[in-house]
Amino acid sequence: MKPLIIAGRQLKSRIFVGTGKYPSPRVLSDCLDAAGCELVTVALRRVNFSEPDPTLSAIDFDKYLVVPNTSGAKTAEEAVRLARLSRAASGLTWIKLEVTPDPVYLLPDPVDTLKAAEILVKEGFTVLPYMHADPTLARRLEEAGCAAVMPLGSPIGSARGIKTEEFIKIIIEQASVPVVVDAGLGLPSHAAQALELGADAVLVNTAIAVALDPVKMSHAFRLAVESAELALDAGPIEQQERASASSPLTGFLE
Amino acid sequence: MKLRVNGEDRILDKPLSTVGQVLDHFGVPWVRAAVELNEDAVDPGLFDKTPVSDGDRIEIVSFVGGG
C-alpha cells in the first residue's frame, strides 16, 4: 500500500481511534496501546467544575496526534467556533469537522460541512471532514482544500458496517487525498473490508469502547487492519464468474 | 462582581481581573483549556493579560472523550 500521508505527515497506523464512551481512563489508555494507533480524536466541551472529565489524563499528547472534533455543531458557524477554540486549547491546527444537525441518525449536513471547511482551510486548519459517502461532495471538499475525506460506512455508533460500499469505491477511485472510512464500523472485518476496498484508513470508537472487553476488541481491530494491509501488499487475485479447480483435473479414479 | 460562566450566572465576592484569575478561581488547569470571552476566543498565551469586567460572558472548555 502506498504510505498514508495527511497534510505532509506520514502515519504508519491505519486505524484512528476515538476516545469517547470508554469505561475508564485506564481502559482507554490500554485500548490506544492495543490498537497501535497514532491518531486519536477528542471532543471539546464546557468544563464541568465539580466533576472534570478524567479522559484527558489517559491521553499522552506527546505520543499521539490528538485531533479535536467539532461534534455537537449543528451549523457551519458552530463548527467554526468549536474549531477555533480547539485550536486554542490544543495548539494544533488539525480538526475533524463534523456538522450533524440530525439528532437521530447524526448524519452530516453536506452544505454546512462544505461551508465550514472553506472557512477553516482559509484560516490555516488541516481539515478532515466527516461526510456522507457522496463522491461529488468528496470532490468539492477536496477542492476546498481538505486534507482528507471521511465518508461514513453507516450511522455513527450503529455497528452496521459499510452500507455505502458502492459510493465509497467511487470516492476512493476519484480522490487524490486520503480516504478514511469513519462511522458505523462494528466489527474488525468491517475495518478490513474498508482497507480492502482501497480506503487509506479507518476511524473506530464505539465498537471498541463499548465492547465487553474493549482492550481485546482494540487488539482485534489492529489485527484486522494489519491483515488487510498484508493482503493488499500480497496482491489479491481477481474475482471470476466461474469455478477454477484448486485440485488437479487429471488422475481421477475410473 | 457578576460573570456568566458556562451559561450560569456567578456572583463573586472578590472581583477577578483577568481570564487567568477566572480559571484559577474555578480550579481549571490552564493547559489545554480554551476560553471564549464574549464569544471571542482568547489566545492562551494571554490568559493572564486579558481583562474581564462585570457582566462578561465567559465559556471555559476543554477536551473530553469523543469520536
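Helices (H or I, at least four residues) and strands (E, at least two) are DSSP runs, numbered from the N terminus. Just after helix α1 of chain A, Gly36(A) has a positive phi of about 65 degrees.

The model is predicted: local features need pLDDT of at least 70, side-chain atom pairs count only at pLDDT 80 or more, and totals for chains, interfaces and linings use all residues. Residues are numbered from 1 along each chain as its sequence is written, while chains are lettered from A and ligands numbered from 1 in the order in which they are written.

**Confidence**

The complex receives an ipTM of 0.92 and a pTM of 0.92 from the predictor. Its confidence in each residue, from 0 to 100, is the pLDDT. For chain B the average pLDDT is 93, and 100% of the residues score at least 70.

**Chain B**

Chain B holds one helix and five strands, in the sequence pattern β-β-α-β-β-β. Its radius of gyration is 12 Å, close to the 11 Å of the globule rule for 67 residues, so chain B is as compact as a globular protein of that length. That radius is taken over C-alpha atoms, and the rule is 2.2 Å times the number of residues to the power 0.38. The C-alpha trace of chain B spans about 40 × 25 × 20 Å along its principal axes.

A residue is buried if 20 or more other C-beta atoms lie within 10 Å of its own, exposed if 12 or fewer, and partly exposed in between, with C-beta atoms placed from the backbone. Buried residues are 33% of the 67 in chain B. Two residues are in contact if their C-beta atoms, placed from the backbone, lie within 7 Å. Of the contacts in chain B with a separation of 6 or more, 56% are between residues 24 or more positions apart.

In the interface, 20 residues of chain B are in contact with 28 residues of chain A. Strands β3 (33–37) and β5 (57–65) of chain B each give two or more residues to this side of chain B, and β5(B) gives the most, with seven.

Two strands pair if DSSP finds at least two bridges between them. Chain A has an open sheet of three strands in the order β6-β7-β8, with parallel pairing; its edge strands, β6 (94–97) and β8 (150–151), each pair on one side only. Two pairings are tabulated below.

| Strands | Sense | Bridges | A bridge pair |
|---|---|---|---|
| β7 (126–131) of chain A, β8(A) | parallel | two | Tyr130(A), Met150(A) |
| β4 (39–46) of chain A, β5(B) | antiparallel | five | Arg46(A), Val61(B) |

**Helices of chain A**

In helix α1 (residues 25–35) of chain A, the buried residues include Leu28(A), Cys31(A), Leu32(A), Ala34(A) and Ala35(A). Seen down the axis, the buried residues of α1(A) fall within an arc of 165 degrees, so they line one face of the helix. The arc is that of the directions from the helix axis to the C-beta atoms. These residues pack against β3 (15–18), β4, α7 (206–209) and α8 of chain A, together with β5 of chain B.

Leu230(A) lies in helix α8 (residues 214–234) of chain A. Leu230(A) counts as exposed because it has 10 C-beta neighbours inside 10 Å.

Notes:
pLDDT = per-residue confidence, 0-100.
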